[in-house]
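Let's walk through this fold together, one feature at a time. Keep the viewer open and follow along.

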Amino acid sequence: MKLGSASNLNKLIFYEIEYLNFGRMNLIHFLHRKGFQIEFRIPYKDQYKRSFAFWNSVYRVVTKQEIQQTFPSEKKTIGNGECFALFNESKSSEFCERKNVSVMEFDSQHDFQDYYQRTRDYIVAIKPGEVETIVTNTVSGLYENSVGKFVYHLQYCMYKDQQVQLSYDQFIELITNDWVKIGNANGPDALSLLLDLKDYMAGVSTIKDIKERLFRLQELDLVRQSFDSENSEDTGRNRMKRYMLNPFRTFAFLHTERYSVTIKQLIDLVGELERLCQYLLPNETELMSVNTYMERWQEVLQTIDEGDDKKVWEKIFNKRFPDDWKFEVPEFLQLIYLTASRYDKAESRILSLSLMQEKILQSNPKNALHMTNVTQMNFPEEHSNSLSAFFTHSELKEIIQAVNSQMRNILLHSLWVDYTVEESFSELGIYQLYNILSNYEGSVKFSWIKNLHDNGLRNIYLEILADLYTNGEVSKYRTHEEFTMFQMPDQQKSSQVPHRKELSGKIPGVYWLNHDFCSKKFFLTTFIDQEPIYEQEFHHQFLFSKIGKLFSISKSERDSFRNYIFPMFPHWTFTKKENLIDMEYQTTLRKYKNYENVSYPKELKSLQILRSVYRENRRTKARNQYRRDRDFNDKEVLQQFGENINSFNVKAEPGNHCKMCQYLNSCSEGWFAIDNNNN
């Protein structure tokens with residue numbers, strides 16, 4: 001209905017407008033000039049000036065009169081919220097008028113998520129977006145799936161100079177979805193390999209760069225395969241023997257059995273992604289019809305398996321636009337996101353404080369009104385919608401005063417209101433607490449979530465509310481964990497660890513070197529992985545330096561290693577690779593140890609323990625045995641190992657050596673460098 005369509009409409013009433021600003025105040029002035037009588041209705045109690053300070057400060061400027069003149073003094077009554085209101089006036093109350101107030105604390109985000117799934121509370125939150133991600137585990141469900149993810153992350157790519165330009169992180173997001181598949185391989189299967197290659201891909205900026213790195217990696221894998229093939233008659237399928245004759249097996253990303261795709265398949269998937277990006281990303285300055293561009297998306301979408309996610313995007317790409325609409329790529333994608341926003345129907349039960357009044361008016365006694373995320377840093381809220389990002393209110397005032405216009409006084413008044421709201425905004429939070437306590441008919445709750453923010457602290461107002469209404473009690477919510485009870489097997493009657501005689505002579509001497517440091521590391525390397533496998537870039541640099549030193553005994557060998565192996569590590573500069581080898585201790589490849597039918601370099605110990613440093617009062621039996629030029633005698637080390645293992649556990653022995661351990665990130669007992677400094 002148009003404002004002027006009813007002849008008897010002459011008054012407009014604005015009810016509890018908290019977020020007045022320059023634009024809204026100008027609209028009110030416009031309506032007033034058109035002949036409408038303007039009336040503001042705000043909450044105010046003269047006896048509680050501090051609780052209603054925001055309304056007094058703002059509407060004294062809006063109406064240009066004292067609030068007491070606008071609202072006659074009301075008769076003083078005792079009602080809900082009085083304890084809190086009197087506290088704000090530095091007065092005490094003889095009794096607590098509400099018994100259904102709770103103050104809560106959640107020790108973790110998981111605790112709040114569990115509470116959210118079990119409660120029927122109306123939940124309002126300061127910065128609701130932060131709490132929303134806890135309870136939904138998603139920001140936008142439309143894009144957080146294997147179909148929508150590709151559409152979203154394509155905006156961060158650019159097709160320029162015949163190259164698809166993107167970061168490696170965006171490359172991972174684009175390739176690990178249902179759009180990219182070829183033969184028996186598909187994008188999501190490549191995720192684990194791509195993550196392990198993150199350091200190897202350092203510095204790439206185009207898909208062409210990534211393909212070149214993968215070609216180098218394929219050559220490095222051929223080196224690894226050639227070692228295995230050359231020694232296959234001696235090693236068979238024994239992984240211990242393969243490692244002892246092939247030092248390149250220490251690099252994790254060369255173990256193709258760890259991944260769902262091979263390096264060759266990954267190269268094919270990258271080629272398919274490049275084709276898709278070139279098809280869906282025309283040249284940066286190329287204009288194209290919107291409908292033609294949408295048809296391209298429809299064509300590619302048909303290659304994806306049927307599902308609910310696909311159906312939504314089919315509706316989006318089937319949308320028709322005027323035939324004369326022609327855009328460049330950035331505008332195309334923004335149009336797609338705008339169209340898709342109509343289909344993103346995710347509804348949240350986490351409301352902002354601006355919607356709290358709606359729940360107060362509804363006041364369902366069966367549901368509690370719950371204000372959460374009340375921390376010291378974010379409550380009371382700060383004004384976040386400044387009038388200008390470039391000019392202060394004073395500068396805007398000077399600009400308006402310089403204009404000779406009949407509107408100048410109106411604009412100055414609107415600017416004054418905007419300034420007052422921003423300056424007084426922190427006082428609004430005090431009223432919002434009082435409003436909940438005073439006007440909501442059901443029970444009310446206030447809470448905060450620990451560890452949601454760095455250095456987050458419980459808000460002082462939670463302490464005050466607890467003292468006023470709950471005798472100082474701040475209740476902690478505990479997640480309701482469901483456990484299945486089972487009978488723990490008797491360790492005495494359970495299956496026994498293999499007898500030492502069964503292991504005697506079955507483990508190469510070089511493997512026992514790990515046992516001098518930690519029984520758990522020895523167990524994982526020997527029985528689980530059956531060879532040392534390193535995933536971290538930190539370890540890879542030491543591996544490269546030691547392997548390079550082993551293969552650089554003479555100048556000609558150093559030149560060969562430089563010519564053939566250096567190019568297979570393109571993520572490091574030539575100087576860095578030279579320095580890594582030059583700074584390594586001098587070693588020899590001519591001394592050997594024996595294990596069954598295999599002779600392996602004695603210097604393999606440097607790859608096995610990888611700069612782990614021996615300390616006094618630690619075990620050294622394996623090291624002492626290994627130094628001797630005769631077969632390894634494992635009698636004493638087997639006895640030591642037997643003391644540290646049972647049917648359920650292998651003893652971890654943390655220490656300074658942990659920083660060189662490949663299992664540090666997954667070992668609950670391991671020491672990081674900072675832990676070692678504190679011990």
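**A loop, then the cores**

L610 sits in the loop between helix 27 (605-609) and helix 28 (621-627), where helices are DSSP runs (H or I, at least four residues) and strands are E runs of at least two, numbered from the N terminus. Before going further: this is a predicted model, so local features need pLDDT of at least 70, side-chain atom pairs count only at pLDDT 80 or more, and totals for chains, interfaces and linings use all residues. Residues are numbered from 1 along each chain as its sequence is written, and side-chain values use heavy atoms, with hydrogens and water left out.

Most residues other than glycine have a negative phi, and most peptide bonds are trans. L610 has a positive phi of about 45 degrees although it is not a glycine. With 0% relative accessibility, L610 counts as buried (buried is under 20% relative accessible area, exposed over 50%, partly exposed in between, with a 1.4 Å probe and protein chains only). R611 is found in the loop between helix 27 and helix 28 too, and its phi is also positive, near 70 degrees. R611 is partly exposed, at 31% relative accessible area.

Now for the inside. In soluble globular proteins, nonpolar side chains tend to be buried together. A nonpolar core here is a set of buried Ala, Val, Leu, Ile, Met, Phe, Trp, Tyr and Cys residues joined through side-chain atoms within 4.5 Å. The largest one has 109 residues, and W179, W297, W313 and I336 have the most contacts inside it. Helix 13 gives the most to this core, with nine residues. Apart from it lies another core of 58 residues, among them C96, M356, L437 and I464. If you click on W179, you'll find that it touches residues including F150, L276, W297, I304 and F317, leaving out those up to four places away in sequence; touching means heavy atoms within 4.5 Å.

Helix 13 (residues 263-280) also has a partner: its axis and that of helix 10 (residues 207-230) come within 10 Å and cross at roughly 170 degrees. Axes are lines fitted to C-alpha atoms, for helices over the stretch in contact, and angles run from 0 to 180 degrees between N-to-C directions. The two helices are therefore roughly antiparallel, a label for angles over 145 degrees. Among the residues that meet are L214, F215 and L217 in helix 10 and I267, V270 and L273 in helix 13.

Last, the rings. Rings of Phe, Tyr and Trp (its six-membered ring) pair if their centres lie within 6.5 Å; planes under 30 degrees apart count as stacked, over 60 as edge-to-face and the rest as tilted. By this rule there are 57 aromatic pairs. F106 and Y477 make a tilted one, 5.7 Å centre to centre with 55 degrees between the planes. This pair links distant parts of the chain, 371 residues apart: F106 in strand 3 and Y477 in strand 14. Both F106 and Y477 are buried.

How values were computed:
Parallel < 35°, antiparallel > 145°, perpendicular 65-115°, else oblique.
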